[in-house]
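Please walk me through this protein step by step.

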Amino acid sequence: MIKRSSELTETIKENMRGGDGKVKITSVLDEGDYDGKSRLVAVLAFEPGSSIGKHTHENEEEIFYVLEGSAAYDDNGAEVILNAGESAVCKNGQSHAVCNKSDKMLKLFAIILKV
């Protein structure tokens, strides 16, 4: 199966999970496009000051890979900076948040896997 850029869907979420600003979600693949157990395969784009609020993953885990920019990442209460080329995993039962505190765009590749 091939999915062309013209077939990708974009959604804008405001105050995502209690965060600030807007996050643009570009679905790279949708459920049904593959046989795996994920519920999200997408690129998340954050304007400066935008964030996803702190939340816990239950019966799933999320993987972030930074494509562009830098992210202030809350890893179970410890804030770290993730730069382009770096990744983070929020495992089942853990919590995280992400914020773009820079003056440039932040883009993450995200996968949420059901466990």
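**Cysteines, sheets and core**

The sulfur of cysteine 99 lies 16 Å from the closest cysteine sulfur, which belongs to cysteine 90, and this is too far for a bond. A disulfide is a covalent bond between the sulfur atoms of two cysteines. To count as one here, the two sulfur atoms must be within 2.5 Å. A search of the whole structure turns up zero disulfides. Cysteine 90 is in no disulfide either, with the sulfur of cysteine 99 as its nearest cysteine sulfur, 16 Å away. Is cysteine 90 buried or exposed? Its relative accessible area is 1%, so cysteine 90 is buried. Keep in mind throughout that this is a predicted model.

Now turn to the strands. Strands of a sheet pair through backbone hydrogen bonds, either parallel or antiparallel. Start with the sheet of six strands. In what order do its strands run? The order is S1-S2-S3-S10-S5-S8. This sheet is open, and its pairing is antiparallel. Its edge strands are S1, residues 9-14, and S8. Each of these two pairs on one side only. On average, neighbouring strands in this sheet are turned by 25° against each other, direction ignored.

S1 and S2 are joined by six bridges, and they pair in the antiparallel sense. Find isoleucine 12, and you will see lysine 24 of S2 standing opposite.

The next sheet has four strands. It is also an open sheet, with the order S4-S9-S6-S7 and antiparallel pairing. S4 and S7 (78-83) are the edge strands, each pairing on one side only.

S4 pairs with S9, residues 95-99, over four bridges in the antiparallel sense. Within that pair, isoleucine 52 stands opposite valine 98 of S9. Next comes the pair of S6 and S9, again antiparallel, with four bridges. Alanine 72 has a bridge partner in S9, and that partner is cysteine 99. This is the cysteine whose sulfur is 16 Å from that of cysteine 90. Tyrosine 73 has valine 80 in S7 as its bridge partner.

S6 and S7 also form a hairpin, with two residues between them. Asparagine 76 sits in that turn. Most residues other than glycine have a negative phi, and most peptide bonds are trans. With a relative accessible area of 39%, asparagine 76 is partly exposed.

For asparagine 59, the value is near 60°. Look for asparagine 59 in the loop between S4 and S5. Its relative accessibility is 53%, so asparagine 59 counts as exposed.

Now go inside. In soluble globular proteins, nonpolar side chains tend to be buried together. In this model, the largest nonpolar core has 20 residues. Which residues have the most contacts inside it? They are Leu44, Phe46, Val98 and Leu108. Several strands each give two or more residues to this core: S2 (22-29), S3 (38-46), S5 (60-68), S6 (70-75), S8 (87-90) and S10 (106-114).

Take phenylalanine 46 as an example from the core. Not counting residues up to four places away in sequence, phenylalanine 46 touches Lys22, Val23, Ser51, Ile52, Val98, Asn100, Lys104, Met105, Leu106 and Leu108. Two of the names in that list, Val98 and Leu108, are also among the core residues with the most contacts.

Finish with serine 50. Where does serine 50 lie? You will find serine 50 in the loop between S3 and S4 (51-56). Is serine 50 buried or exposed? Its relative accessibility is 4%, so serine 50 counts as buried. The side chain of serine 50 reaches the backbone oxygen of lysine 22 at 3.1 Å. Leaving aside neighbours within four places in sequence, serine 50 is in contact with Asp20, Gly21, Lys22, Cys99 and Asn100.

How values were computed
Residues are numbered from 1 along each chain as its sequence is written. This is a predicted model: local features need pLDDT of at least 70, side-chain atom pairs count only at pLDDT 80 or more; totals for chains, interfaces and linings use all residues. Side-chain values use heavy atoms; hydrogens and water are left out. A nonpolar core is a set of buried Ala, Val, Leu, Ile, Met, Phe, Trp, Tyr and Cys residues joined through side-chain atoms within 4.5 Å. Buried means under 20% relative accessible area, exposed over 50%, partly exposed in between (1.4 Å probe, protein chains only). Contact means heavy atoms within 4.5 Å. A polar contact is a pair of N or O atoms within 3.5 Å; within protein, one must be able to donate a hydrogen and the other to accept it, and residues adjacent in sequence count only if both atoms are side-chain atoms. Two strands pair if DSSP finds at least two bridges between them. Axes are lines fitted to C-alpha atoms, for helices over the stretch in contact, and angles run from 0 to 180 degrees between N-to-C directions.
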